[in-house]
Amino acid sequence: MSTHFLNVLWIALLVATVLTWLIGKTGHAGTAAVAGILVIAAIKGWMIIQDFMALRRVTFLWRALVLGWLVLTLAIILLAYWLGLK
Amino acid sequence: MNAQHHGHALRPYPPGDLAIWVFILAELAAFFALFVAYAFTRLKHLALFDEMQRTLDSDAGMLNTLLLITGSWCVARAVAAIKANHVNSSARWLLAAIGSGVGFLIVKYFEYGAKFAAGIDLETNLFYTFYLSLTMFHAMHVVLGMVILFFVWNKTRRGGYSSHDHHGMETGASYWHMVDLVWIVLFPLVYVMR
Amino acid sequence: MSEAFTTSTARNIFYGGTLFFLLVFLALTYQTEQSIPSRDKREMLADPKVVAGKKLWETNNCIGCHTLLGEGAYFAPELGNVVKRLGSKEAVKAFIQSRPVEGIPGRRSMPQFNFTDAQLEEIASFLDYVSQINTAKWPPNIQG
Amino acid sequence: MQYKSQAVAKPYFIAAIALFVAQILFGLIMGLQYVMGDFLFPEIPFNVARMVHTNALIVWLLMGFMGAAYYLVPEESETELFSPKLAIALFWIFLVAAGLTVVGYLTVPYATLAKVTGNDLLPTMGREFLEQPLITKLGIVVVALAFLFNITMTVLKGRKTAINTVLLIGLWGLAIMFLFSFVNPHNVVRDKFYWWWVVHLWVEGVWELILGSILAFVLIKVTGVDREVIEKWLYVIITLTLVTGILGTGHHYFWIGTPEYWQLIGSIFSALEPIPFFAMTLFAFNMVNKRRRDHPNKAATLWCLGTGVMAFLGAGVWGFLHTLAPVNYYTHGTQITAAHGHMAFYGAYVMVNLAIISYAMPLMRGRAANSNKAQVAEMWGFWLMTVAIVFITLFLTAAGILQVWLQRISDNPLPFMVAQDQVSLFYWMREWSGVVFLIGLIVYIWSFFIPGEQKAAA
């Protein structure tokens, strides 16, 4: 993993974090905000798992376990929020 | 080791010791259960959760996210450095990661301090039960991660790891990334989304 | 496999993980001790009858048939809320006193313990104390 | 058997099985009292039968653990036991104390027993599972300390392996947690809070370490799989056990006056408690599949596999069924709890004891394994007892569900005793399953008396 790529990733994660924070700060709520925030969280989690944890070059099973955790967790949260928005 | 950089062969096991991965998966399962419990309890008490969430300090939450991401990045750089046999540089990156952990705890100290000063505790209401259980449990993981990183740093600076042997460092690094990963879900869930 | 998974790491994780969760548990224990005075009606323990009643409860092995706040044997009714269920301490005392020595043919029966009036008052006071503990709305209804 | 002193385990195992018989007989008495309320009344009231049933269980499991420790520690440490004489002396002290306690339960009213055994000095009696008189409790502490001294000295002078280290941690934990049986505050909430430190942190904590190390030892012996591999599994399993089990204590703190955040913590961590049991099942089957030798003792292998499966079902699945706070609100203190208790104790602790007994007894009697005929009888015992416990559990679960419905959920909740009458059919079926269990136990014991025809132990 090149260090340059790690640096770019780091900056991207920082920006994404500020973005999430801004959505909350500006008082956004409801379907669009929840969906946006969860998508950002998914992307951030995905980057961390693939490149910081370095599972990108590991067999499918291990990646599936951890990425699956991320997707399942966010999906269930989405479901619970969606039920609350109805 | 070459295959890892250039080839297409997939490694059979994740970086670090398998034992830590079993532990990581168990921890992820615990946090999964906590997150799901939070989301569905909120569903039953929407008004309370939305109202109480506004009393949280989302600036502190954001700052802590930045710190943990930075800590994760430092550890990733430390692993990259040791793979290039840059022992001193690797040790410095580890120290920086521990530093970000210290920063996280300082922010938490002020955040909790404000809450406790307002007389809030685990039993104030259901939202605060969740907020405090989740974040304190996570903060203890930060502490554990720092303890692990401390041992890894100590061994690194004594020349215990090299480009050939950094199994132990990857073990500690994997745990630290897990602590970051969990927070990536926790922050929007508890501080931001409504 | 052997390189990916070492016994020494597994051992260290065992010690570290156990210590970690033990500390969390002890911290929660401390918090619980700080917090329960608001729920456990400890002020009622100032009455020596309640303390004596607990000892009678124990030395007659009531827990061997009954549950108390849901813990014990499941052979006889829950007693954590029995004062409320029967309506008064007097009703509880009357029930205990009325048990036939030889039991009831074909049915479960509580033994006759031949308590004195003072002892009956102590047991009833103890059960009254337990019935006032804040149990997070358990049991679901008066039947226990 | 590689070391002479391992033979001290034999009386422990024999006494364990004898107490096992007593436990089952009193279990059958209680089962009958559930449907024929006046059976043996007032001679042996239900609470007395129950004390004998549960205390005999605890004592025989402890006897088994001690026997297992005496058997496996010399072999693991590759040295003779520190003091075989002490081990034999402790055996008689423990057995006589246990016998006298049972005689006390059966012959004197409990209140009188409390009076004459010094309960007034330090009231500890009359709490579930900790009914033993003060002097018996003190005796247990003395025996446990002397036993631990003996075992620890043996390990210290010999080889330290993961198996004997984990066993030692488990046994020390067992002794230390037992000290909380002397903590009995007047405050019922605090009384219950610390009572669980003995009960829960035993069976869902340190006992699982003992279980894990005994199972690992027998699996090494019967499968010939590398120690390295088995020891890694052992560490991973016990890590998962304590990581989930310590905070899992919270599932007992839902409704006893403790703060309500325990509903969250207890639900989460006890929901994870099946994981170590599942890992144990995988472990047992994996090791047997990877076996490098076909050990002549097929029965011992069967008990090991049985432990994996039944502990997972009883402790894992049946525990999970009613551990989440919203479910437990309705099931707390009903026959559901009894159903879980029966299968969990049998699956985890009874079976692991029978596994080490099955493995070690033939060796102590001078043969590698029992004759084919004896093993077949033993396996019949295995299946009869295991199937019987499954049915006991199923019938108690059915009784529990019906009880919860009638007494707690329906629009017109019935009084306890009325609901009990409604479920009596299931109690009858449970009692008949209990009879089958007893038959299984008799067959199991009979298998010890079938002569061995196999060659002498290697």
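1. Basis. In this predicted model local features need pLDDT of at least 70 and side-chain atom pairs count only at pLDDT 80 or more, whereas totals for chains, interfaces and linings use all residues. Residues are numbered from 1 along each chain as its sequence is written, chains are lettered from A in the order in which they are written, and side-chain values use heavy atoms, with hydrogens and water left out.

2. Interface of chains B and D. Contact (heavy atoms within 4.5 Å) links 14 residues of chain B with 11 residues of chain D. The buried area, that is, the accessible area (1.4 Å probe) lost on putting the two parts together and summed over both, is about 1100 Å², and carbon and sulfur atoms give 93% of this area. Across this interface the rule finds zero salt bridges (a side-chain nitrogen of Lys or Arg within 4 Å of a carboxyl oxygen of Asp or Glu).

3. Largest pocket. A pocket is an open set of points on a 1 Å grid over the protein atoms alone, with protein on both sides within 12 Å along at least five of seven lines, and its lining residues have an atom within 4 Å of a point. The largest has a volume of about 1100 Å³, and of its 31 lining residues the closest to the centre are Thr41(B), Leu126(B), Gln263(D), Ala325(D) and Pro326(D). Helix 2 and helix 6 of chain B, with helix 9 (261–271) and helix 12 (325–331) of chain D, each supply at least two residues of this lining, which by class has 18 nonpolar, eight polar and five charged residues.

4. Cavities. Where a 1.4 Å probe fits but cannot get out, the set of points is a cavity, and the structure holds five of 30 Å³ or more. The second largest cavity, of about 180 Å³, is lined by 15 residues, with Trp57(C), Ile63(C), Arg127(D), Asp191(D) and Lys192(D) nearest its centre. Helix 7 of chain D gives the most to this lining, with four residues, and by class the lining has six nonpolar, two polar and seven charged residues.

Key. Grid points are joined across faces, edges and corners, and a volume is the space filled by probe spheres set on the points. Ala, Val, Leu, Ile, Met, Phe, Trp, Tyr, Cys and Pro count as nonpolar, Asp, Glu, Lys and Arg as charged, and the others, Gly among them, as polar.
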